[in-house]
Amino acid sequence: MHETGAQRHPQVVVTDDQRLLDPASLGDHIDRLYRAAWALCGRREDAEDLVQETYARVLAKPRLLRNDDDLGYLLRVLRNTFVSRHRTAMRRPQTAPIPEELDLADRSLGTRPDAAVEAREVFAHIAALPEPFRDAIVAVDVVGLSYAEAAKLLKTKEATITSRLHRARAQVARGMEPDRQGVH
Amino acid sequence: MSPDDLTPDDDPREAELAARGRLLVAAAVAETQAPLALRERIEAERERQARPRRRGRWLPFAGLAAAVAAVAVALVVAAGGGGGGGPTVLAVASVSLGGPTHPAPPQDRSNPKVLRAGVDRVKFPYWGDSFEWEASGARNDRVGGRHTETVYYRSPKGPTAAYTIVAGSALDVPSGSTTVTAKGVTFHLARSGRAQVLTWLREGHTCVMTAPRTVPTAKLLQLAAWHGQGAVSF
């Protein structure tokens, strides 16, 4: 045993099935989390704030994980942060957002203006979906989780994910039809 | 279960819409990347959180922390369950991420080849005179139900290595590790990315030394196998 009076110092207990999240690896997931945040929020500026707040939360202290799924963990924190922010926002006086159309220099999108506009509209349509559909399409199509990973994250069955995903995709496509633009 | 959770119907129109929606989302995903400014803000946050609270004191430990983090993912695959209900080598190495929590133990005046710290009869070596690797800090933990003692040693060139002794019986050797014998002692070496983890037995106790790969493996083996003219027991 140690002879320097170490017992008065705090201990970190890591069990066999745990590991510490490596902060240095978090940068690998920024793109996917940013897309997920945009699809949740529907607005690019809100997405940036949400991703930054998510990383600040994760980095604030050591994180013990029970598996190798860093991305799933980060998406769960992102979603929880989004829900928390949304509830807080609902308690505040509402202000009118700046129309996305005024943002002509969106550097987070590609160089093709038509594709950029379409991507923005797709994310806006996803954000407007009912929550279960939105969460399914964000987890699978936007972030790239498998159906099994998405089911675990959203605490539901794979068959349910399949169904919700199908309907979410159809609703997004329907919303993007020329005669329905702007109708959510 | 709500009606929306039912199995997708066979409506060709709905199926066509779903297929088109999938392509639209895929195109939007391919088109979108996080802005550079956001990346920079997150990187700044990461660096701010990683900065030692007492600037400079444990600076050499930063490389070790990164090294342990780098090896953790690899070892979670390589390390099987702990022997006899004990922790894995991964768990023991990961604890080093926490860094020192109290000052380094002093040299044992009655036995100057070792420090006044250890587990049972297994004492940490004193490398200051022979190698100029000075003890720079220490911590103790419970990992997987076992008591562990760790001493951090700072090399003359800066990098720090963590030397941990695990109480109780020997732990399982990480599968996939390389076996090396030096001065009659059998070592098991695992490497990944920027880290290397050496594990061996001293009087039936598992010892784990974790260091950045910038530290030559031969130097780690030389340190770990050092007998201190018989004062360091194996």
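The place of A:Leu20 is strand E1 (residues 19–20) of chain A, where helices (H or I, at least four residues) and strands (E, at least two) are DSSP runs numbered from the N terminus. This is a predicted model, so local features need pLDDT of at least 70 and side-chain atom pairs count only at pLDDT 80 or more, while totals for chains, interfaces and linings use all residues. Residues are numbered from 1 along each chain as its sequence is written, chains are lettered from A and ligands numbered from 1 in the order in which they are written, and side-chain values use heavy atoms, with hydrogens and water left out.

- With 10% relative accessibility, A:Leu20 counts as buried; the cut-offs are under 20% relative accessible area for buried, over 50% for exposed and partly exposed in between (1.4 Å probe, protein chains only).
- A:Leu20 and A:Asn67 sit 47 residues apart along the chain, and their C-alpha atoms are separated by 9.9 Å.

**Chain A overall**

- Chain A has seven helices and two strands, and along the sequence they follow the pattern β-α-α-β-α-α-α-α-α.
- Chain A has 184 residues, and 48% of them count as buried.
- Take the contacts in chain A between residues at least 6 apart in sequence: 69% of them join residues at least 24 apart. Contact here means heavy atoms within 4.5 Å.

**Helix H2 of chain A**

- A:Arg44 is found in helix H2 (residues 44–59) of chain A.
- The side chains of A:Arg44 and A:Glu45 are joined by a polar contact of 3.4 Å. That term covers a pair of N or O atoms within 3.5 Å; within protein, one must be able to donate a hydrogen and the other to accept it, and residues adjacent in sequence count only if both atoms are side-chain atoms.

- Helix H7 (residues 158–175) of chain A has 18 residues and should span 26 Å at 1.5 Å a residue, which agrees with the 25 Å between its end C-alpha atoms. The expected span is 1.5 Å times one less than the number of residues.
- H7(A) is mostly covered, with 13 of its 18 residues buried.
- Two packed helices are described by the angle between their axes and the distance between the axes.
- For helix H5 (residues 131–142) of chain A and H7(A), the axes come within 8 Å and cross at roughly 95°. Axes are lines fitted to C-alpha atoms, for helices over the stretch in contact, and angles run from 0 to 180 degrees between N-to-C directions.
- H5(A) and H7(A) are therefore roughly perpendicular to each other, given that angles under 35 degrees count as roughly parallel, over 145 as roughly antiparallel, 65 to 115 as roughly perpendicular and the rest as oblique.
- On the H5(A) side the contact is made by A:Pro132, A:Phe133, A:Ala136, A:Ile137, A:Val140 and A:Asp141, and on the H7(A) side by A:Ile161, A:Arg164, A:Leu165, A:Arg167, A:Ala168, A:Arg169, A:Gln171 and A:Val172.
- Sorted by type, the residues of the contact of H5(A) with H7(A) come out as nine nonpolar, one polar and four charged.

**Chain B overall**

- Chain B has six helices and nine strands.
- Of its 234 residues, 51% count as buried.
- Among contacts in chain B between residues at least 6 apart in sequence, the share joining residues at least 24 apart is 57%.

**B:Ile42, in contact with chain A**

- B:Ile42 lies in helix H2 (residues 36–50) of chain B and counts as buried at 6% relative accessibility.
- Neighbours within four places in sequence aside, B:Ile42 is in contact with A:Ile30, A:Val51, A:Tyr55 and A:Leu59.

**Around strands E8 and E9 of chain B**

- B:Glu203 lies in the loop between strand E8 (195–202) and strand E9 (205–212) of chain B. It is not a glycine, yet B:Glu203 has a positive phi of about 50°; its relative accessible area of 30% makes B:Glu203 partly exposed.
- B:Val215 is in the loop between E9 and H6 of chain B and is buried, with a relative accessible area of 3%.
- Leaving aside neighbours within four places in sequence, B:Val215 is in contact with B:Trp133, B:Pro159, B:Gln196 and B:Leu220.

Technical notes. Nonpolar A, V, L, I, M, F, W, Y, C, P; charged D, E, K, R; others polar.
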